[in-house]
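Welcome! Here is a short briefing to read alongside a protein and its ligand.

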Amino acid sequence: MTLLFPPGLTAETQTLTGWGRTRPVSAQVLRPASLEQLQELIREAPPRSLIARGLGRSYGDAAQLRDAAVIELTAFQRISLDPATATVTAGAGVSFNQLLREIVPAGFFLPVTPGTRNVTVGGAIAADVHGKNHHIDGSFGNHVRGLLLVDGHGHLRDLQPGGDSSAEEHAMFWATIGGMGLTGVIVEATFSLIPITSSLISVDTMRFQDLEVLMAAMVEADSHYRYSVAWVDSLDPRGRGVLTCGDHAPAVQLDPSQQGDPLAYDPKALASAPPFLPGGLLNKLTVRAFNEAWFRKAPKRRVKELQAIAPFFHPLDGVQDWNRIYGPAGFLQYQFAVPDGAAHLVPRTLEALRRVGAPSFLTVLKRFGPSNPGLLSFPMPGWTLAADVSAAVPGLLDVLNQLDEEVAAAGGRLYLAKDSRQLGAMVRRTYPRLEEWQRLRAQMDPRGVLDSDLAQRTLA
Ligand SMILES: Cc1cc2nc3c(=O)[nH]c(=O)nc-3n(C[C@H](O)[C@H](O)[C@H](O)COP(=O)(O)OP(=O)(O)OC[C@H]3O[C@@H](n4cnc5c(N)ncnc54)[C@H](O)[C@@H]3O)c2cc1C
């Protein structure tokens, strides 16, 4: 494919993958230096030639396009905090890591953060990411007040979720929230923040020997805590696990020794958690040993422990390149959301993964609250289970295809940002507003300039 680049824009050919390191592709990486250059690039580009890429933390093939080009928004780095309205305006290339360094010392926290701070504002909006507070605060898109997007015509659009703009523009906004970069390239967004008086989280930890009791405790925790997440021992037939719940600690509740600088934020120093991962390449034995140690390390019950932001929200960020421990075949994450009535799919999935011999050290269960109007947004009220598994496990795909059937039949769906294997039929069956989204995508990008390997696999 021949791409005509605007003057001054250079391309670098790279091998790209998602975080799971499956499906490597060769693509050109373009970093427009200005809005005008980005608009010109899109205006002149042929069909199916471009997709935006953030920090490549989606697991599968969402931020890549084989033998074509990806756009990195590294030049779009503005951060403008408005303390009076508790909002921030940030360039799409700004990472959550950068944002936290600015906003925490000023007394604010992100409205929603995924389990890593190495994501960009553009990537967070395009995937409509969720955190440990979905049951209270919804997903990232719930907090976006407005965004600037260059659509597939090369036009700059100023989109809001509601208010004075037209119904069509509201629809374009909600097609972009969770739209996986396929409605245009986001260049900037304004979103609300959570005011905080300290950078510490007051954390309650509880250990459970049994999945059913753990899940009952999670439902109970919905109404008591802003943040809640459970780690489950995927190899234990009883499904033992550790539930961690928390809230921002008010500065007045800190010890006098901590009150000197209650908003201090230093993720490097604070991420010195005990070694989080099994050493060497993963196998069933190392995962079993790790899960045993991880479960035993957790207290049976501990309340009001003060934890810093990094170990509470982003524990894996302390370990560089941990995605390499799965070896050259890479790994995938199976993450589904199902309604409360299909809670049985949690033990059922763990049992199916155990049966096929897919050991997972990272198996995480969360509660979801109401969905937002994002047409392709993933969360729905109920449960979400995420399990990392090596892509090299024989028979894994057959088991996951069978589980897909059960998830779809139960009214659930898989998360596009984590997916690397589902097919279009599954997406058509489980995302009820897909056709509406496809119509808006065609309107915003009629030549189909923006495309991705994920889109070709699932959304075509
Ligand atoms: C350790 C780990 C933990 C995670 N935990 C969670 C979690 O708890 N909750 C959760 O929701 N997700 C989680 N994720 C997934 C991650 O939050 C999302 O995949 C997020 O989209 C990654 O952001 P990114 O900037 O790396 O984007 P990329 O992965 O590079 O891109 C993701 C999508 O965003 C699009 N995109 C990127 N920039 C733009 C832009 N400027 N304009 C338009 N589209 C754009 C891309 O085209 C692509 O479709 C986790 C990932 C990892 C590795």
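The notes below go from confidence in the model to the ligand, and then to a few residues of interest.

This is a predicted model, in which local features need pLDDT of at least 70 and side-chain atom pairs count only at pLDDT 80 or more, while totals for chains, interfaces and linings use all residues. Residues are numbered from 1 along each chain as its sequence is written, and side-chain values use heavy atoms, with hydrogens and water left out.

**Confidence**

- The mean pLDDT (the predictor's confidence in each residue, from 0 to 100) of the protein is 94, and 97% of its residues reach 70 or more.
- Over residues 269–274 pLDDT stays under 50, and the model has five contacts (heavy atoms within 4.5 Å) beyond four places in sequence for them.

**Around the ligand**

- Two polar contacts (pairs of N or O atoms within 3.5 Å) involve an oxygen atom of the ligand: a backbone N or O atom of Ala 52 lies 2.6 Å from one, and a backbone N or O atom of Gly 54 lies 2.7 Å from one.
- A polar backbone atom of Gly 115 is 3.1 Å from a nitrogen atom of the ligand.
- On its own the ligand has 960 Å² of accessible area (Shrake-Rupley method, 1.4 Å probe), and the protein covers 97% of that.

**Helix α5**

- Which residues of helix α5 (residues 167–176) are buried? They are His 170, Met 172, Phe 173, Trp 174, Ala 175 and Thr 176; buried means under 20% relative accessible area, with a 1.4 Å probe and protein chains only.
- These buried residues pack against α3, β8 (144–150), β9 (156–159), β10 and α13 (434–444).
- Just after α5 comes Gly 178, with a positive phi of about 85°.

- Asn 291 is part of helix α8 (residues 284–297), and it counts as buried because its relative accessibility is 0%.
- Beyond its neighbours within four places in sequence, Asn 291 has contacts that include Trp 231, Asp 233, Arg 240 and Phe 361.
- Asn 323 sits in the loop between α9 (309–313) and β16 (331–338), and its relative accessibility of 7% makes it buried.
- The side chain of Asn 323 reaches the backbone oxygen of Trp 19 at 3.0 Å.

- Asp 128 has a positive phi near 45°, lies in the loop between α3 and α4 (134–137), and is buried because its relative accessibility is 0%.

How values were computed: Polar contact = N/O pair within 3.5 Å; in protein donor to acceptor, adjacent residues only side chain to side chain. Buried < 20%, exposed > 50% of the residue type's maximum accessible area, 1.4 Å probe, protein only. Helix = DSSP H or I, 4+ residues; strand = E, 2+ residues; numbered from the N terminus.
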